Amino acid sequence: MKAGGDPLQAALKALPHGPEFRFLDRLLSLVPGKSGVGEYRVREGDFFLRGHLPGEPMLPGVLLVEAAAQLAGVVAQNDPDVPPLPRLKLAALRAVKFMGTARPGETVRLEACITARLGSLVQAIASAFVAGVRIMTAELVLSGTPPPGSTLSAGSATGETIDSPPAKC
């Protein structure tokens, strides 16, 4: 990351999401193209809590995965060796496990690590924690559109396969 300015704001510009669908409040660390750690605070007034679950609000698991995917996107889009992929989005999930939940007032700590790239595909592993307790793990695949004039495509090999088990960070 370049010195000066807010690294979170600079990194979030690489994401296609508008503020109302951003589940990453703060970036705690970023190793561009490799790994990152971020936070999301579950707010009492978050619209999705009204119906999930009445009387016992909790962050929906699908949004927990989305938060992890957004962090993985920030990590991938800031890779100094690979140009950003336009329209990067979540394309596949594997081995998603929920071991807990996040409730209003709690802060979710997210960790994501890029484990492989194959053309316009990015593979990552991610975890989420509340108060130091792991509540979710997932293997994610993100897909983007190769930049114009790029030689990247979903089938262009980089020496790694996207279907192989992910390496650990």
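This is a predicted model: local features need pLDDT of at least 70, side-chain atom pairs count only at pLDDT 80 or more; totals for chains, interfaces and linings use all residues.
A polar contact is a pair of N or O atoms within 3.5 Å; within protein, one of the two must be able to donate a hydrogen and the other to accept it.

Confidence comes before the details. The protein chain has an average pLDDT of 86, and 83% of the residues score at least 70. Over residues 155-161, however, the pLDDT is below 50. Beyond near neighbours in sequence, that stretch has 12 contacts in the model.

The strands come next. Six of them form an open sheet with antiparallel pairing, in the order E1-E2-E4-E5-E6-E3. Strand E1 (26-31) and strand E3 (89-98) are at the edges, and each has a single partner strand, so one side of each lacks a neighbour in the sheet. From one strand to the next, the twist averages 20°.

What joins E3 to strand E6? Seven bridges do, and the two strands run antiparallel, with E6 covering residues 133-143. To follow one of these pairings in the structure, find lysine 97: its bridge partner in E6 is threonine 137.

A helix belongs to the picture as well. Helix H2 (residues 61-77) lies across E1, strand E2 (35-41), E3, strand E4 (107-118), strand E5 (121-130) and E6. The helix runs at about 55° to E4.

Two residues can now be placed in this layout. The first topic is arginine 94, which is located in strand E3. The side chain of arginine 94 makes a polar contact of 3.4 Å with the side chain of glutamine 123. Isoleucine 125 is 31 residues away from arginine 94 along the chain, and the C-alpha atoms of the two are separated by 9.5 Å.

The other residue is aspartate 79, found in the loop between H2 and E3. Why does aspartate 79 count as buried? Its relative accessibility is 14%, and buried means under 20%. Which residues does aspartate 79 contact, leaving aside its neighbours within four places in sequence? They are Pro32, Gly33 and Arg117. With arginine 117 there is also a polar contact between the side chains, at 3.5 Å.

Key
Residues are numbered from 1 along each chain as its sequence is written. Side-chain values use heavy atoms; hydrogens and water are left out. Two strands pair if DSSP finds at least two bridges between them. Helices (H or I, at least four residues) and strands (E, at least two) are DSSP runs, numbered from the N terminus. Axes are lines fitted to C-alpha atoms, for helices over the stretch in contact, and angles run from 0 to 180 degrees between N-to-C directions. Contact means heavy atoms within 4.5 Å. Buried means under 20% relative accessible area, exposed over 50%, partly exposed in between (1.4 Å probe, protein chains only). pLDDT is the predictor's confidence in each residue, from 0 to 100.
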